[in-house]
Every structure is written in C-alpha cells, then in structure tokens.
Amino acid sequence: MNSHVSVPDGTRAVVADTAQADDVVRLDNVKRHFGATPALDGVSLTVRKGEILGIIGRSGAGKSTLIRCLNGLERPESGSIFVEGRQITGLDERQLQPFRRRIGMIFQHFNLLSAKTVEENVALPLKIEGRPRAERFNRARELLELVGLSDKAKAYPSSLSGGQKQRVGIARALAARPALLLSDEATSALDPETTRSILALLKDINRKLGLTILLITHEMEVVRSIGDRVAVIDAGKIVEEGPVWSVFADPQTDITKSLLAGIRPQLPAHIASGLSPVPGGEAVLGVDLAGTAAQGTLLADLPVAFRLLHGGVDHVQDQAVARLYLAVPSGALDKVVPFLEARSARVEVLGYVSGNA
Amino acid sequence: MSPVMLDLLIQSVWETLLMTGASGLISLAAGLPLGLALVATDRGGIAPNPWLNSALGAVINAFRSVPFIILLVALIPVTRFIVGTSIGMWAAIVPLSIGATPYYARIAEVSLREVDRGLIEAVRAMGGNRWAIIREVLVPEALPGIVAGFTVTLVTLIGASAMAGAIGAGGLGDLAIRYGYQRFETSIMVAVVIVLIVLVCGIQWVGDRLVKRLDHRV
C-alpha cells in the first residue's frame, strides 16, 4: 500500500495517527470470498470523524462488498470491523440492528418505498426505532427542508425526478442522526448536472452537521469534487490511500492512473502515436506538479526553450495540481529534468519526436 | 318470472355472496401469511429455511392438484367436525376456504416475490428486523398485486361455489341446476347467468379501481 502522508508547505495537515476515539469505522485485515474469488483480500481501513472518504475502484473490485460489511449486510470471513470503537464482527442480526441505526445509507437506485409518501419514507428509520409519530414527522419536515424538498412531503416517489429521489434518500439516511453516511454509487444513475447538485448537498451536510461520509464510486470526478481522502481498491485490496490532492498529483499505481485518466489531461492521441523510443529531436515530458510548485514561475525559469504541448492546472481540495506535457530539445534533458525534480516536480520522459510534432 | 322465483333468485344471490365472501376472507387471512412464509423461507429470503419451504410448497401443491368437487366430498369429515354438519351453505364454506387458500397463497407469493430486493436491503440497512421488513416493505409494496390476486380468487370462488350446490349449499349454481337445468326453466337459467356476469364484472371493477388507487409504482 502506498501512503501519501507528505504534506507540502501551506497545506492543512493530515495527521497520520489520530486517536482511536476519532475513528468512526475501523477495518482490520477484513477478508471475504465469493467462491474462489476474493472480494476483500485483507482490507484495513479507517474512517475518521468528520471526513469524506472516497473509495474508488472498477466494478468488481470489491467496493460494494466493503461497504456492505460496514453495516453487517455482508459478513467477513476473517478480520475485525469496529463501529465507533465497538466490534461488530460476530454479532447476530438482532445485535447488529442498533449499529445499523448509527449508519445511514444511500443507494444508486435510491431504494425509496413506492407505497409511502416522501415524508413517510424520510420518517421510516425513526418508525423502525419506535419513535412517536409527532417526533418522526417533525424530523422529516426538518430534513426535507434541509434537502430543499419541503413542497414534496405528501408526494409519492414515483412523481419525483432522479435528483429529487436521491435528495429524499439523503434525508431518510439522516433521519436517525447517524454517525456515518454510506453512499453506494449514489450519483451513478444521475446526469452530470444533478450529480453536481447532489455532491454539493453531501459536502454541505458534511460541513454543516460535521457528518462523516464514506462514498464508494467508480468515478474519480466524485472523489475529486468532495473527497478529503481517497482509497483505491483493486482486486479486493486497498492499493493506494491518501489525501485526494496528493493522490491526484502523484498517483502511484497503474490502476489509480487509469482511474484518473478521464479527468487529467492526457497526451493528445496524434502526438502520442508519433512518439519514438529512440532518443533524438525533442523529448516529450509528462510533468506533475502539486501545491505551490504548480503555481510558481517554474516554467518561466526553465533553462531552455520549450514547447508547451498540452496540459492544465486543476484545483483539488484547494491545492493546485498540474499535469503538463512539454517538448524540450533532447540534448537539454540532463539539464531540464534535474531542474524540475529539484522543484519537487515529477518528470516522466514519454518518448521523442523528430521535430514539429 | 314469478314473484316466488324472484325471491328464490334473490336468496340465491345472497347465499352465493355470503359463501364467496366468507371463504374469500378466510383464504385471504390464511393465504397471505402462507405466501409470506413461502417467500421468507426461500433461499435468499429474510428467514431462509429450505426444509420448511419445500414442505410448505408440497402441501400447497397437493391441495391445488385435487379437483374442487373431489375436495368437497373428501373434506366432509373435516367439515362435519368444524361446522357440525356436512350439508348447507355454512358447510360449503369449509371446503371452499381450504380449496382457495393454497390458490391464493401462490398468487400472493408471486406478488411478494416481485418486491425489489433493494428495498428490503434499505430497511435492513436502517436497522429494521424481519417484522419491519414484512410490515413496511413486503406487504405495502406488494399490495396492488395482493389486491388484484384477491379479486381473481373471489371470481374463482363464485365459480367453485356453484359446485357446492352438490352438498346442498344453495346459491346461484344450485338454483341454475335444479330449476334451470332439471326443470327446463330457461328463464331461470338465463337470469342466473346474467346475475353471475354482473357479479363477476362488479367484483372485477371494484378490484381494478382499488388496485389503481393503491399502486404508486411508476
């Protein structure tokens, strides 16, 4: 596992060893197989109080199994799971129920009950908890206001749009004042605009209520826009974990790079196809910069003339993260690369082009 | 039609309605829990129990494979034990209920099985127990199908109650056989058929309206 703990200057510090009391959920070497295929192959993970942790991976990587282990819908074969400091592995269905009430969950397909009105859906977790009717509906009204759907209280879910349904799902998940919100691909069935509004709502809830959120997704964009930390899961293992900006600036594994491919600038295909491995002409460099390095006068200070082929600066968690593609004369490589690396850039020589690529 | 015949017709309609209604309610009360038990004890259900599931399924199949007219006769000792007599309308309600219960259990099972598993998972995830899943998810979500199935069962019971005339249960079927068929009173036969058509259409219409009101799925 690759950890990103290095913190550049001016960054909000991410403390590596938080006190255990601050851990909402802790997984310790959790294993689960389906037949011969490992769904979870020794996963250890901590969700800290107040953070938004994104777990990203391709479909079949084990994300769903992982999230379902957290509320006991799925039982691991070995390893331990702690919710708010208490171990839930080994508990039976009845003993798990109070823990599940501490964990709200939202789903890709919303899973709203069609036979109940919006407010009845939102009030359901409290009904299950045995709260009096007046309290349930007061809370539902309060939450519908929070998600901006007060006028839909008496409507049935079938009359709502996808984004509205997910807002109801979020309100319902919050009803019992959980310590943790699990999001199972909650925006995967929504269009990009609705996705943005749902993510903004989640971020808002995280800030306003200090609610800890764990979201699983296959879309890097989701993690990029609201995540504090990200864990990349592949073949049942956490292969990379760290603050989102840091993983974006310096992905360690191929799977992370490929998951990032969609939202980071990629070398345009016509240039990539003209690359030759034989030195000569100009060298094409891929340069990753993060933090202050990405905002400085680095390029202007470069000791040779260069061509900027492609790239851009993105901001993740208020950190500048840049990915640039430069062409420099091959003869100057031994000057350029050390120059950039000395300024904490990560440089990759992608190949060579003969002239005006 | 003479006033006497009209009285007879009205009384028969009343008997048919009473037999159908009483046995319908009994089969609803017994069949719905049976249907729930079939879905719950199935593999992947909320209370998996393969042995109980197969046993229940076998008993239900056995009752469903016996033709009603044979059930009517075969159940005479049971009827006599429960009602005290094996003749008459009240006696007919016993075999009618026992015949319709497994039929309705299967219909209810189909509707309950169609409930989206994601909804069950959502309620489990919020800390609901099995009873909460039954009360908040399975029954309310399957209600349109449960009501539609009950309508079908009632219509089937109207047909079956005609056979109960064989044990002197009265009702429209009995009237049609004894007067319309055996005494060649064609007008009685026609009247009975028209009343049956009206009854069946009425029940179906009410059932359909109710389903429409209950159904909030897309």
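**Close-up views of chains A and B**

**View 1. Arginines over aromatic rings.** Arg183(B) sits over the face of Tyr179(B), 4.3 Å from the ring centre. In chain A, Arg343(A) lies over the face of Phe339(A), at 3.6 Å from the ring centre. A charge counts as over a ring if NZ of Lys or CZ of Arg is within 6 Å of the ring centre and within 35 degrees of the ring normal. The model is predicted: local features need pLDDT of at least 70, side-chain atom pairs count only at pLDDT 80 or more, and totals for chains, interfaces and linings use all residues. Residues are numbered from 1 along each chain as its sequence is written, chains are lettered from A and ligands numbered from 1 in the order in which they are written, and side-chain values use heavy atoms, with hydrogens and water left out.

**View 2. The aromatic pair of the structure.** Over all chains there is one aromatic pair (Phe, Tyr or the six-membered ring of Trp, centres within 6.5 Å; planes under 30 degrees apart are stacked, over 60 edge-to-face, the rest tilted).

View 3. Tyr104(B) is buried, at 0% relative accessibility. Phe150(B) is also buried, with a relative accessible area of 17%. Buried means under 20% relative accessible area, exposed over 50%, and partly exposed in between (1.4 Å probe, protein chains only).
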